[in-house]
Amino acid sequence: MMETIKTASFEYLISLAKEDPEGGYAFTIDGSSYHIDDVLEISRIAEKHGYIVIY
């Protein structure tokens, strides 16, 4: 069985974050939604979903 390697550019991941009018950002990856305070949290979340983040 081959393992799938998922990669994403940091710029692309940031484009998925939508500003929340009440503060922070809404970020969705692989069907999971997160409310984050800072876009720098995106890398950690993506890595938890098995992505290799390319900077």
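Student: Which residues does H49 touch, not counting residues up to four places away in sequence?
Tutor: H49 touches K6, I29, D30, S32 and Y34, where contact means heavy atoms within 4.5 Å. Before going on: this is a predicted model, where local features need pLDDT of at least 70, side-chain atom pairs count only at pLDDT 80 or more, and totals for chains, interfaces and linings use all residues. Residues are numbered from 1 along each chain as its sequence is written, and side-chain values use heavy atoms, with hydrogens and water left out.

Student: OK, and where is the place of H49?
Tutor: H49 sits in the loop between α2 and β5. Helices (H or I, at least four residues) and strands (E, at least two) are DSSP runs, numbered from the N terminus.

Student: Is H49 buried or exposed?
Tutor: Buried, with a relative accessible area of 18%. Buried means under 20% relative accessible area, exposed over 50%, and partly exposed in between (1.4 Å probe, protein chains only).

Student: What does its side chain make a polar contact with?
Tutor: The side chain of H49 makes one with the side chain of Y34, at 2.7 Å. A polar contact is a pair of N or O atoms within 3.5 Å; within protein, one must be able to donate a hydrogen and the other to accept it, and residues adjacent in sequence count only if both atoms are side-chain atoms.

Student: Let's zoom out. How many helices and strands are in the chain?
Tutor: Two helices and five strands. From the N terminus on, the elements run β-α-β-β-β-α-β.

Student: What order do the strands of the open sheet have?
Tutor: That open sheet of three strands goes β2-β3-β4, with antiparallel pairing. Two strands pair if DSSP finds at least two bridges between them.

Student: Which strands stand at the edges?
Tutor: β2 (18-19) and β4 (32-36), each with a single partner strand, so one side of each is left without a neighbour in the sheet. β2 and β3 pair over two bridges, and K18 stands opposite A26 in β3.

Student: New topic: which residues are in the largest nonpolar core?
Tutor: There are 12: A8, F10, L13, A17, F27, I29, I36, I42, I45, A46, Y51 and V53. At least two residues each come from α1 (10-16), β3 (25-29), α2 (41-48) and β5 (51-54). The largest share, three residues, is from α2. A nonpolar core is a set of buried Ala, Val, Leu, Ile, Met, Phe, Trp, Tyr and Cys residues joined through side-chain atoms within 4.5 Å.

Student: What is A46 in contact with, leaving aside its neighbours within four places in sequence?
Tutor: L13, I29, Y51 and V53.

Student: And S43, what does it touch beyond residues up to four places away in sequence?
Tutor: F10, V53 and Y55. S43 is in helix α2 and is buried, at a relative accessible area of 9%.

Student: How many aromatic pairs does a search of the whole structure find?
Tutor: One. F10 and Y55 form a tilted pair, 5.4 Å centre to centre with 35 degrees between the planes. F10 lies in helix α1 and Y55 in the segment after β5, so the pair ties together parts that are 45 residues apart in sequence. Rings of Phe, Tyr and Trp (its six-membered ring) pair if their centres lie within 6.5 Å; planes under 30 degrees apart count as stacked, over 60 as edge-to-face and the rest as tilted.

Student: Is Y55 buried or exposed?
Tutor: Y55 is exposed, with a relative accessible area of 63%, whereas F10 counts as buried at 13%.
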